[in-house]
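Please go through the charged side chains of the protein shown here.

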Amino acid sequence: MDLYGIVRRKGWATPGDLEEAAKRSSAEGDKEDSGVRWIRSYVLSEDGGEVGTFCVYEADSPDAIRAHADAADLPVDEIVPIADTVVVRPDPEPAAT
């Protein structure tokens, strides 16, 4: 499997919609031979109040990511191969809500 970044701009109207999409994504990705493994996502605050994401996945191919997205009813704006990782600092702890 290779590492990919997936950009999903303005994919959801609300954080609740994104939460439902995450459940669908997990269910599809957990299927045997799905060809994808969700690593992490960063939620983007979009103009107009929508939310988007930048997701990191391991996948057999970009086609496997697109098939997963179709099965989970997720948008895909761009798929970019990740060449390497440079960690300067760990991700900050999420803000308390």
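**Charged side chains**

Lys23 has a relative accessibility of 48% and so counts as partly exposed, a class that lies between buried (under 20% relative accessible area) and exposed (over 50%), taken with a 1.4 Å probe and protein chains only. This is a predicted model, in which local features need pLDDT of at least 70 and side-chain atom pairs count only at pLDDT 80 or more, while totals for chains, interfaces and linings use all residues. Residues are numbered from 1 along each chain as its sequence is written, and side-chain values use heavy atoms, with hydrogens and water left out.

**Salt bridges**

- The structure holds 6 salt bridges, each being a side-chain nitrogen of Lys or Arg within 4 Å of a carboxyl oxygen of Asp or Glu.
- One of them joins the side chains of Lys23 and Glu20, at 3.4 Å from N to O.
- Lys23 and Glu20 are separated by about one helical turn, because they are 3 residues apart in helix α1; helices (H or I, at least four residues) and strands (E, at least two) are DSSP runs, numbered from the N terminus.
- Glu20 is partly exposed, at 41% relative accessibility.
- Lys31 pairs with Glu28 in a salt bridge, with the closest N and O atoms 3.1 Å apart, and Lys31 is partly exposed at 48%.
- Arg37 and Glu58 form a salt bridge in which the closest N and O atoms are 2.8 Å apart.
- Arg37 lies in strand β2 and Glu58 in strand β3 (residues 51-59), so this pair ties together parts that are 21 residues apart in sequence.
- Arg37 is partly exposed, with a relative accessible area of 48%, and Glu58 is partly exposed at 23%.

**A buried charge**

- Arg8 is in strand β1 (residues 2-12).
- Arg8 is buried and has no salt bridge, and the nearest side chain of opposite charge is Asp77, 8.1 Å away; Lys and Arg count as positive and Asp and Glu as negative, with His and the chain ends not counted.
- The Arg8 side chain reaches the backbone oxygen of Pro75 at 2.6 Å.

**A negative patch**

- Asp2, Glu32, Asp33 and Asp60 gather in a patch of negative charge on the surface; such a patch is made of residues with over 30% relative accessible area and no salt bridge, like charges being joined within 9 Å.
- Glu32 is found in the loop between α1 (15-29) and β2 (36-45).
- Glu32 is exposed, with a relative accessible area of 73%.

Definitions and conventions: Patch = residues over 30% accessible without salt bridge, like charges linked within 9 Å, V, L, I, M, F, W, Y side chains within 5 Å. Areas by Shrake-Rupley, 256 points an atom, 1.4 Å probe, with all protein chains shown as cover. Charge placed at Lys NZ, Arg CZ, Asp CG, Glu CD. Polar contact = N/O pair within 3.5 Å; in protein donor to acceptor, adjacent residues only side chain to side chain.
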